[in-house]
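Please find below a colleague's note on the structure under discussion. It is arranged as numbered points.

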Amino acid sequence: MSNELKRILLVEDSVNDIKLTTAALRAAGLANEIISCRDGVEAIEYLFRQGQHEGCNDGSCPAVVLLDLKMPRMDGLEVLAKIRADDRFKTLPIVMITSSAEEQDMVKSYNLGVNGYVVKPVTHDEFLKAIREVGLFWAVVNQPPPQLSKRV
Amino acid sequence: MEVAVPTTASFKRLIISALIVPIGMMSCIAVILALQIKSLSDTAAIVEHANATVTQANRVEKLTIDLETGLRGYLLTADKDFLAPFVNARDELARETDALRPLFGDNFAQVARLDEIVVLRKQWVGFAERSIAALERKDPNYLAEARTKVGKILIDTSRAKFVELIGREEQLRDERSRAARRASWMTLVTIAVVTLLGGLLLGWLARRQFLALAGTYQHALGESHQLNMTLEQRVTERTKQVEERSTQLAEANRELEAFSYSISHDLRAPMRHISGFAELLRKSAGPGMSADDNDNLTIIFDTAKNAGRMVDDLLALSRIGRQHLKKTNVDVNEIVRLVIRVLEPETRGRQVEWRVPVLPPINADSNLLRMVFQNLLANSVKYSAKKPSAVIELGASQDNGHVTYFIRDNGEGFDMQYVHKLFGVFQRLHRSEEFEGTGIGLANVRRIITRHGGRVWAEGKLGEGATLFFSLPLTETSST
């Protein structure tokens, strides 16, 4: 099974950031399907096959979840805690993509078991670079956890 | 606040009553005494009068004896010489008796006795004169009447009456005298009792007044004490208020920092979006874009980038305020080496001479101190960019428990007139077209140094360069 076929789950409340992140991923040459959720509740519904989304039932769990920190309804830390509390998603790669460089946000995220923490750079050049590197690493370079890809 | 301090009027009343009461009491005692003394002296006068009466009565009695003695002598001797006392006494008797009568005053019983005596005397004198006349006539029976004892009876009766009279008078005198003695005893006892009672009363009154006065003073004292307490309490309250106010200020400061953090945080995203979408636009337009459009896009891009950098610097500034200092013994030489290496891309192609001696270590937060050197050295590099050969010199000195570091360059410098603006937020002394920057760098430097308990200052001259100083307290862990 090839990694390129796996989806990238983008959890981000800002439409602009969804567009720019998507553009950055495409500019990096990634053709993976990008699923975007506008807040933590949608993301949990998608992953847990609740509500309108079918989620991972077709065997293509996301290669990585790009998770924003500050969102309405349910923020990134709550989403992270819920995902890690579920046995099925204990090893799902999750990377924080956030504007917050606050130390305590980082500490909390790592304590909840995040795989990476990326502060969105202000300049577009650096932003493009950061998103490309994250996308390429998790969607192409990295080998996903075996049990996650075999599941279902 | 009102305090019941005794007023002058109430004091006067107190003093007047304290004087009037004893004076009144003493006056009463004096009046009683005067009355008693008057009655005593009256009694004494009466007694004296009684004595005089008795004396007068005795004188009358003596004259009677003279009468009898004279008569007896003459009748025995028929010598006229013996008759002289009789004649004298007879004349005198009437006078003395007349003198005696008014002395009895209203005592009619005595007057009546006296009158009786006078009648008896007159009868006796009649008898005596008849006997004398018989002797002068040489009557051989001149003693006949005498022998009848009529004369003797008369004189004896008269004498008995006299004794009665005097006895009565003496009795009266003694009675009055006893009464006077009783009265003086009574007076003494009255005075003693009145004085004792008055003394007790005065003492009691004085005690009561003193207690009232003491009470008033105690009350006043208590109130003044209470006033003091209130004052103390007020000071405590005011101190508490000041503490509360400073707590509120600290709270407001924290909120302000949180606000500035969240504002700068929220501003980052739009800046990123502007430059991001400008870039997308440039890419989608491709090479077909006009030169003007391309320039305009570049301006949008650069402006957003600059604003974004400003936001980043602001974030750093607000973080410095909230961040906890992690002080260690910092090797300043290592920090300087690191910063110079980081600045290398900017000095590439330029002639920059670094003059760096061995610098003393200092007790500070190493990350923040690196930020200080980063800002100061970057400034020197930036403002000396237009000089053909830049010289950036570092140094340090140590005195009064402080280490002072300096960074000197031969760059653009500044006018000392504006030195006070150098370390302010968003304060710039040069146009941004000449030297790009956000105007926050030196504000950050000052903030970091201030948080370490140190201070920053600068010297400079326009066109000739600037020297920036900062001093930090030298604590034990940082001593060499």
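The points below treat confidence, the interface, a helix pair and the nonpolar cores.

1. Basis. This is a predicted model, in which local features need pLDDT of at least 70 and side-chain atom pairs count only at pLDDT 80 or more, while totals for chains, interfaces and linings use all residues. Residues are numbered from 1 along each chain as its sequence is written, and chains are lettered from A and ligands numbered from 1 in the order in which they are written.

2. Confidence in chain A. The mean pLDDT (the predictor's confidence in each residue, from 0 to 100) of chain A is 83, with 85% of its residues at 70 or more. Within chain A, strand 4 (residues 94-98) has the highest confidence, at a mean of 94, and helix 6 (residues 146-150) the lowest, at 54. Helices (H or I, at least four residues) and strands (E, at least two) are DSSP runs, numbered from the N terminus. Where pLDDT is low, the predicted coordinates should not be read in detail.

3. Chain B overall. Chain B has 9 helices and 7 strands. Of its 480 residues, 24% count as buried, that is, with 20 or more other C-beta atoms within 10 Å of their own, the C-beta atoms being placed from the backbone.

4. The interface. In all, 15 residues of chain B are in contact with 11 residues of chain A, contact meaning that C-beta atoms, placed from the backbone, lie within 7 Å. On the side of chain B that touches chain A, helix 5 (150-285) and helix 6 (291-322) of chain B each supply at least two residues; the largest share, 10 residues, comes from helix 5 of chain B. That side of chain B divides into 4 nonpolar, 5 polar and 6 charged residues. Here Ala, Val, Leu, Ile, Met, Phe, Trp, Tyr, Cys and Pro count as nonpolar, Asp, Glu, Lys and Arg as charged, and the others, Gly among them, as polar.

5. A helix pair. Helix 7 (residues 332-347) and helix 8 (residues 366-383) of chain B have axes that come within 9 Å and cross at roughly 40°. The axes are lines fitted to C-alpha atoms over the stretch in contact, and angles run from 0 to 180 degrees between N-to-C directions. The residues of this contact divide into 11 nonpolar, 2 polar and 2 charged.

6. Nonpolar cores. A nonpolar core is a set of buried Ala, Val, Leu, Ile, Met, Phe, Trp, Tyr and Cys residues joined through C-beta atoms within 7 Å. The largest has 46 residues, and L368(B), L369(B), V372(B), L376(B), L377(B) and I448(B) have the most contacts inside it. Helix 8 of chain B gives the largest share of this core, 9 residues. Apart from this core lies another, of 34 residues, among them L25(A), Y46(A), L67(A) and L80(A).

Key
Two residues are in contact if their C-beta atoms, placed from the backbone, lie within 7 Å. A residue is buried if 20 or more other C-beta atoms lie within 10 Å of its own, exposed if 12 or fewer, and partly exposed in between; C-beta atoms are placed from the backbone.
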